[in-house]
Amino acid sequence: MSTCVPKGSRSAKVEPRDVDLQPEVKWHDGAAGYVARLDLAGFRKEEFRVQVDGAGRVTVRGQRPAGHVRLHREFQLPPAADVDRIAARFDGATLCLTVPKRPAGGAAEVVMATMEDARVEAEMQMEMEKERARWDRGSAIAAAVAAFALGVVVSHRIFATRNGSA
């Protein structure tokens, strides 16, 4: 038995498309180590893996079942990287790899490098605080202007109502 289906009424089956992601690696080179950040928004921790081989080659690989999204990124760590002490942190959107540098000299150089990193971090923190304070001051000014404008409008309405020209 054959059935007759009117032309144009057939439902088109949409095939999901595979998406391959290669997120950008954002580097910060500090005196005591490196920080590499990869944007993995949309992925869960269980959906990807990070591997580091003895030569300092990092591979980030994963797959998200919903939407057929695959992730594959490889990059080489700098020669001074201490591959045995790498730490990784994932906050739900960004994968952060902290890679210490191998000590180049004696203990004094390591201490100096750590102090330099702390100084740079403190400067960055101070800049962020200044920026935040600047925005807070700007928000206060904007709120004051808005309150003044609202006061003018309300006063105008009150005076207009009393004078009978509502």
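This is a predicted model: local features need pLDDT of at least 70, side-chain atom pairs count only at pLDDT 80 or more; totals for chains, interfaces and linings use all residues.
Reader: Thanks! Where does lysine 101 lie?

Author: Helices (H or I, at least four residues) and strands (E, at least two) are DSSP runs, numbered from the N terminus. Lysine 101 is in the loop between strand 8 (94–100) and helix 1 (107–162).

Reader: What is the order of the strands in the open sheet with antiparallel pairing?

Author: Two strands pair if DSSP finds at least two bridges between them. In this sheet the order is 2-3-8-7, and strands 2 and 7 are the edge strands, each pairing on one side only. Strands 7 and 8 run antiparallel and are joined by four bridges; phenylalanine 90 stands opposite leucine 95 in strand 8.

Reader: And which order does the open sheet with mixed pairing have?

Author: That one also has four strands, in the order 1-6-5-4. Its edges are strand 1 (19–21) and strand 4 (48–52). Strand 5 (residues 57–64) pairs with strand 6 (residues 69–76) in the antiparallel sense over eight bridges, and glutamine 63 stands opposite arginine 70 in strand 6. Strand 4 and strand 5 are antiparallel too, over five bridges, with valine 52 and valine 58 as bridge partners. These two strands form a hairpin with four residues between them, and glycine 56 in the turn has a positive phi of about 90°.

Reader: How many aromatic pairs does the structure hold?

Author: A pair of aromatic rings is described by the distance of the centres and the angle of the planes. Rings of Phe, Tyr and Trp (its six-membered ring) pair if their centres lie within 6.5 Å; planes under 30 degrees apart count as stacked, over 60 as edge-to-face and the rest as tilted. The structure holds three such pairs. Tryptophan 27 and phenylalanine 75 are edge-to-face, at 5.7 Å centre to centre and 85° between the planes. Tryptophan 27 lies in strand 2 (residues 25–29) and phenylalanine 75 in strand 6, so the pair ties together parts that are 48 residues apart in sequence. Trp27, Tyr34 and Phe75 form one aromatic cluster.

Reader: Is phenylalanine 75 buried or exposed?

Author: Buried means under 20% relative accessible area, exposed over 50%, partly exposed in between (1.4 Å probe, protein chains only). Phenylalanine 75 has 7%, so it is buried, whereas tryptophan 27 is partly exposed at 38%.

Reader: Finally, which residues does UniProt list for "transmembrane region"?

Author: The unreviewed UniProt entry lists residues 140–159; such annotations may be inferred rather than shown by experiment, and the positions are given in the numbering used here, with feature names shortened. In the model, this span is 100% helix and 0% strand, with its end C-alpha atoms 28 Å apart.

Terms used: Residues are numbered from 1 along each chain as its sequence is written. Side-chain values use heavy atoms; hydrogens and water are left out.
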